[in-house]
Amino acid sequence: MRWRRYGEHAALLDCDSLTQMSAAHATIVAARPDGVAELVPGARSLLVVAHPGSSALDDVRALIGKADLTRPPSGTPREITIEVHYDGEDLALVAETAGLSEREVVDLHSGASYTVAFTGFAPGFGYLTGLPEPLRQPRLASPRTRVPAGSVAIAGEFTSVYPSSTPGGWRLLGHTRTTLFDQHAEPPALLAPGDRVRFRSG
Amino acid sequence: MRALEVLATGPLALVQDLGRPGYAHLGVPPSGALDVAALRLANRLVGNAESCAGVESVLGGLSVRATASCTVAVTGPPVRVRLDRREVGSHVAVHLRAGQTLTVGTPSTGLRCYLAASGGIAAEPSMGSRSRDVLSGIGPDPLAPGALLPLGTTRGVPAGADVVVPRPAPAELVVPVVLGPRDDWLDDVARGLSTWWTVTSASNRVGLRLDGPPLRRAEAFAETELPSEGLLTGAIQLPPNGLPVVFLADHPTTGGYPVAATVRQGSLDALGQVRPGTKLRFDPS
């Protein structure tokens, strides 16, 4: 783990693992130091942006320096259940790759508990960890030019839901009618880093 | 209703204010006016709070008709401004009566002019901002002929400053940067960034795309894939082709290519005014 300077008012905590990043994120969220303008988790890093003139970067550095990241504050994460119709175009491909039946793929995906590690790609697009091993599969060799909004998908160690219709290369397991992002809602995004998520087959 | 009716938009005209920072962890770009100082000045000239929404016009061609009397001002690079057929100039408060038309010409330098109107553009806000984010499609739709831009309630007295001297945008730019966070991922990065780069026409509010001698990955990182990490406005990212992308206000919130250096905040406004073909180099000292 090391800090890297990022412009005049930010620093990037380069982490050894996603677990360590999530622990650092939970530590900072629990302490709520003043002057933090943005706290942006990545797959192996955490970006801390300070309000100019604040001591937030020093404070966060000190906080992380003395924290035991093997025992992060657990807090009380939000728990969100998303109802999914497992009718995705790639369900058969995923089952074949995993050496399972489609029913078993659905049971595995809807039986696991996930955590929103970080976001990106599009507003409200969360990268969820906790995917069972047989479902950790590569992206499609050629991405689709249009993935419908609400598509529930997997790629690598992550699962996610496409909040809006975009191009995309993840394998599609199904779809949900739940709104993931609404620019006029408060909060605008259903999922935020640290949230616990379950998918229910419906 | 006090409003401006859009008659013509030029190449692109968007509602912009100071953006919606603070939502990066949800995947929402900061957005907001690219030349922040120009928007703030336009607002001051018409008696608004500096944070009011105005119109960001790419290469002019914007024409609006007032439905009620209001005060407007155009800032950014020097540009011709007409009230009906009369030349009134930029960087000055102009009073419009109902039915009068304001037209912004094409600036001979720079890229983005800002139109402020007394009361501010009162389009519906999203996440505390009226800025149009071209990456995510958040915020008011791009202006189109026939659209009505409602104006908010006036609160101040126009500044009426008569000594604002507009500065032409330079044809060459030296941009101060802070190296990192991943300068070690690239070979001889300080020297590579210090060479002259040309801004290409693939540039937009998401970022400036540059052409020049490609930077190469350092030996130790030649085959390494970077896990997605947070991005900042002003981040200079090096995709596999080695040609820098300088991220502007509508940048994605995370990205998977190394950021070699970050533009100092004092120079971001100038980047909002660079045209395709402009030469720039980075100063890492």
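Me: Domain bounds come from an automatic or database domain assignment. What domains does that give in chain A?

Reply: The model is predicted: local features need pLDDT of at least 70, side-chain atom pairs count only at pLDDT 80 or more, and totals for chains, interfaces and linings use all residues. Residues are numbered from 1 along each chain as its sequence is written, and chains are lettered from A and ligands numbered from 1 in the order in which they are written. In chain A, the assignment gives domain 1 (2-66) and domain 2 (79-201). Their C-alpha centres lie 27 Å apart.

Me: What makes residues of domain 1 and domain 2 of chain A count as in contact?

Reply: Their C-beta atoms, placed from the backbone, must lie within 7 Å. Eight residues of domain 1 of chain A have such contacts with five residues of domain 2. Helix H1 (residues 18-31) of chain A gives the largest share of the domain 1 side, five residues. Helices here are DSSP runs of H or I, at least four residues, and strands are runs of E, at least two, numbered from the N terminus.

Me: Which residue classes make up that domain 1 side?

Reply: Five are nonpolar, three polar and none charged. Nonpolar means Ala, Val, Leu, Ile, Met, Phe, Trp, Tyr, Cys and Pro; charged means Asp, Glu, Lys and Arg; the others, Gly among them, are polar.

Me: What forms the side of chain A that touches chain B?

Reply: The contact joins 32 residues of chain A to 26 residues of chain B. Strands E1 (2-6), E2 (10-14), E3 (36-41), E4 (45-50), E6 (114-120) and E7 (122-129) of chain A each supply at least two residues of that side. E3(A) has the largest share, five residues. By class, the chain A side divides into 19 nonpolar, eight polar and five charged.

Me: Why do E13 and E20 of chain B count as paired?

Reply: Pairing takes at least two DSSP bridges between two strands. Strand E13 (residues 197-199) and strand E20 (residues 279-283) of chain B have two bridges, in the antiparallel sense, so the pair meets that cut-off. Trp197(B) has Leu280(B) in E20(B) as its bridge partner.

Me: What is the strand order in the barrel of chain B?

Reply: Seven strands close in the order E12-E19-E16-E17-E14-E13-E20 (chain B), with mixed pairing.

Me: Why is chain B called as compact as a globular protein of its length?

Reply: Chain B has three helices and 20 strands. Its radius of gyration is 20 Å, close to the 19 Å that the globule rule gives for 285 residues, so the description holds. The radius is taken over C-alpha atoms, and the rule is 2.2 Å times the number of residues to the power 0.38.

Note on methods: Contact = placed C-beta atoms within 7 Å.
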